[in-house]
2 protein chains.
Amino acid sequence: MADEMPLITRAVWWSDGEVCWINTKELPFREVVRCTNDPVELAKAIVGMEIRGAPAIGVAAALGVAAYSKSLADSGVEISEFRDKVLDVIEVLWKTRPTAYNLFWALSKVKKTLLNSYTMDVVRVANEIINEALSILKEDLEANIRMGIHGASLINYGSTILTHCNAGALATAGYGTVGAVVRIAWRQGKITKLITTETRPLLQGARLNVWEYSKEGIPVTLITDNMVGYVMKRNLVDAVFVGADRITREGFVINKVGTYMIALAAKRHGIPFYVVAPTSTIDLSSSINEVVIEERDPDEVRKVMNELLITLPDVPVMNPAFDVTDPDLVTCIVTEKGILSPPFEESLRKVSVAKV
Amino acid sequence: MADEMPLITRAVWWSDGEVCWINTKELPFREVVRCTNDPVELAKAIVGMEIRGAPAIGVAAALGVAAYSKSLADSGVEISEFRDKVLDVIEVLWKTRPTAYNLFWALSKVKKTLLNSYTMDVVRVANEIINEALSILKEDLEANIRMGIHGASLINYGSTILTHCNAGALATAGYGTVGAVVRIAWRQGKITKLITTETRPLLQGARLNVWEYSKEGIPVTLITDNMVGYVMKRNLVDAVFVGADRITREGFVINKVGTYMIALAAKRHGIPFYVVAPTSTIDLSSSINEVVIEERDPDEVRKVMNELLITLPDVPVMNPAFDVTDPDLVTCIVTEKGILSPPFEESLRKVSVAKV
């Protein structure tokens with residue numbers, strides 16, 4: 001299956017010793033590619049959501065450490081300075097987003113590589129880090145294909161799928177989590193249509209889903225976030241597929257704000273609600289009460305696309321980036337290791353590999 | 001109570017033989033007042049949502065017929081021509097919006113006045129129509145105050161109220177339906193804060209609620225539509241108050257799209273969900289299956305404030321203006337005649353006066 005799947009859209013990749021990404025903030029109107037080996041520039045791109053989506057953030061952070069390690073090694077620093085500087089950079093990248101678990105998972109992996117390679121010379125350590133980052137990228141692509149195959153098996157022929165935010169190719173190294181499910185089910189002739197919410201405040205649905213799916217010929221219809229109940233009541237939705245930024249050991253799903261309300265509407269209408277995420281998203285270490293929900297700049301709500309003011313400029317605003325969907329609202333969790341069913345506390349423990 | 005309530009914000013009023021309104025499309029940035037006795041101009045303002053909110057539409061339509069009748073009478077036409085032309089104009093206004101029941105209720109009242117006054121001379125008939133329209137306007141203001149008193153009695157001290165779309169002063173002749181509840185409860189010291197959704201696609205929450213409530217010193221916090229579940233889960237909401245464009249005999253509430261999802265979230269969290277609407281909103285004649293949900297211009301979704309394109313210009317869109325909230329999700333319906341409890345099929349029949 002993976003061989004047959006063309007990799008048309010990528011969010012982050014490795015090129016010539018640098019981490020590269022599409023600046024998703026400019027989509028769907030301009031396709032701007034950026035590359036760097038400067039971790040501060042990369043951190044800004046993650047904070048500013050040029051790169052977004054938990055798996056893409058994880059891959060980008062790992063590649064960013066790798067690019068920085070290479071540039072350090074090329075400059076000929078000593079191993080102790082190399083180690084201190086790379087650890088500092090891991091720290092900087094660690095603090096870019098507080099909720100996406102894959103970020104911590106990927107950075108922990110490269111950090112472990114660094115610490116395990118302590119006795120080697122700088123060039124060899126740098127190469128180990130690059131190899132680790134590239135294997136995180138490769139694993140992401142492979143995991144997505146496997147999630148896609150598992151997820152597509154849940155879809156009946158002639159289905160309309162509803163999704164929220166972008167868990168597509170632009171949220172991963174490629175294909176996407178939900179994106180892989182949609183692409184594979186589409187190639188299998190199972191999907192008639194994809195409905196995406198626009199996903200305020202940053203409009204990932206309107207900007208990114210519409211762009212990446214229509215680019216590949218998959219029919220996509222756009223609605224505002226508050227129309228989900230309406231379309232479900234009119235029997236226009238057969239299944240919901242969303243991504244996750246973190247899944248706790250109890251099976252709580254932390255994902256883009258609005259996911260919870262969609263899950264409630266799906267429950268009301270008996271529509272299956274599927275979460276698609278790699279096992280690197282599963283956080284067995286913390287309970288739901290310990291998860292920090294990122295509160296972002298109020299101007300993301302007061303303005304649209306950082307440009308058009310839609311309200312009075314000083315109105316108080318709440319702007320949580322994520323919300324929490326309770327386990328009882330989730331039909332299944334689709335991972336690269338298979339489809340998990342309730343009780344999730346058990347099924348998650350069996351597949352989880354993520355250690356931070 | 002009515003005497004004490006200052007009428008600070010009005011959506012529609014009568015001035016010097018004309019119907020006047022605030023062009024709500026220009027809010028919150030510009031306060032543009034328009035007046036006319038040309039029913040075609042008024043119809044355009046209703047279709048274009050310069051005037052919106054079911055009660056405001058009803059009052060405006062009645063005043064529009066009155067203004068036109070006056071101009072006809074002033075021009076000295078014969079009674080038969082007068083009658084034909086006024087009936088034509090009622091027809092034009094009738095077709096402006098398909099869902100708001102108050103529109104049909106108000107136009108039916110002026111039509112009845114016209115038909116009952118058939119034997120009178122033109123000036124007298126015009127005066128009867130003007131009087132009828134002015135009494136519709138006056139009744140709206142009085143009904144709002146009564147709804148406000150009833151609704152405020154449901155609110156505990158220290159409450160945060162969540163609302164959706166604008167059912168405030170700008171949706172009525174003045175005070176609002178939900179707006180009257182909020183204003184009266186605020187003056188009683190019961191309300192700590194109002195949370196409003198932004199209400200995509202036309203952003204009545206971000207533009208109109210923020211403007212009219214902060215103008216009167218009522219603290220208002222803005223969220224996107226998809227954050228309602230988040231704020232409820234964080235126990236930040238004590239009660240939901242929304243308006244209605246139509247209430248069917250079974251108790252189905254047709255209101256701004258998104259209302260249904262808020263009701264589902266409120267149910268999940270045991271938060272009371274109140275609908276505030278005058279009895280002229282109650283439609284005993286049709287069942288829920290007969291109600292037409294208005295589908296509006298796709299560019300309202302593709303663009304923000306008719307200005308900023310947020311997606312690819314040709315993406316397919318759904319744009320229902322309203323959705324349907326089931327009776328089991330509604331705690332009470334607050335009318336000017338009192339608070340209605342389930343089963344609504346019974347309680348609605350007792351208070352309904354609206355005949356179309």
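How many Å separate the centres of domain 1 of chain A and domain 2 of chain A, taken over C-alpha atoms? Work through the exercises below to find out.

This is a predicted model, in which local features need pLDDT of at least 70 and side-chain atom pairs count only at pLDDT 80 or more, while totals for chains, interfaces and linings use all residues. Residues are numbered from 1 along each chain as its sequence is written, chains are lettered from A and ligands numbered from 1 in the order in which they are written, and side-chain values use heavy atoms, with hydrogens and water left out.

**Exercise 1. Locate the two domains of chain A and describe their contact.**

Step 1. Take the bounds, which come from an automatic or database domain assignment. Domain 1 covers 12-145 and domain 2 covers 147-351.
Step 2. Take the centres over C-alpha atoms. They are 25 Å apart.
Step 3. Look at the contact (heavy atoms within 4.5 Å). Domain 1 of chain A gives 30 residues, and domain 2 of chain A gives 41 residues.

**Exercise 2. Trace the hairpin formed by E1 and E2 of chain A.**

Step 1. Find the strands. Strands (E, at least two residues) and helices (H or I, at least four) are DSSP runs, numbered from the N terminus. E1 spans residues 12-15 and E2 spans residues 18-22 in chain A.
Step 2. Check the pairing, for which DSSP must find at least two bridges between the strands. Four bridges join E1(A) and E2(A) in the antiparallel sense. Trp14(A) faces Val19(A) in E2(A).
Step 3. Inspect the turn. Two residues lie between the strands, and Asp16(A) in the turn has a positive phi of about 55°.

**Exercise 3. Work out the order of the seven-stranded sheet in chain A, then place its helices.**

Step 1. Read across the open sheet: E6-E5-E4-E7-E10-E15-E16, with mixed pairing.
Step 2. Find the edges. E6 (220-223) and E16 (338-340) of chain A each have a single partner strand, so one side of each lacks a neighbour in the sheet.
Step 3. Axes are lines fitted to C-alpha atoms (for helices, over the stretch in contact), and angles run from 0 to 180 degrees between N-to-C directions. Neighbouring strands here are turned by 25° against each other on average, direction ignored.
Step 4. Zoom in on one end. E15 (residues 332-335) of chain A pairs with E16(A) over three bridges, in the antiparallel sense. Thr335(A) has Gly338(A) as its bridge partner in E16(A).
Step 5. H5 (residues 122-152) of chain A lies across E7, E10, E15 and E16, at about 145° to E15(A). H9 (residues 259-269) of chain A touches E4, E5, E7 and E10, and makes about 145° with E10(A).

**Exercise 4. Classify the ring pair of Phe241(A) and Tyr274(A).**

Step 1. Recall the rule. Rings of Phe, Tyr and Trp (its six-membered ring) pair if their centres lie within 6.5 Å; planes under 30 degrees apart are stacked, over 60 edge-to-face, and the rest tilted. The count is six aromatic pairs over all chains.
Step 2. Apply the rule. The centres are 4.9 Å apart and the planes are at 40°, so the pair is tilted.
Step 3. Phe241(A) is in E7 and Tyr274(A) is in E10, so the pair ties together parts 33 residues apart in sequence.
Step 4. Judge burial (buried is under 20% relative accessible area, exposed over 50%, partly exposed in between; 1.4 Å probe, protein chains only). Phe241(A) is buried at 0%, and Tyr274(A) is buried at 8%.
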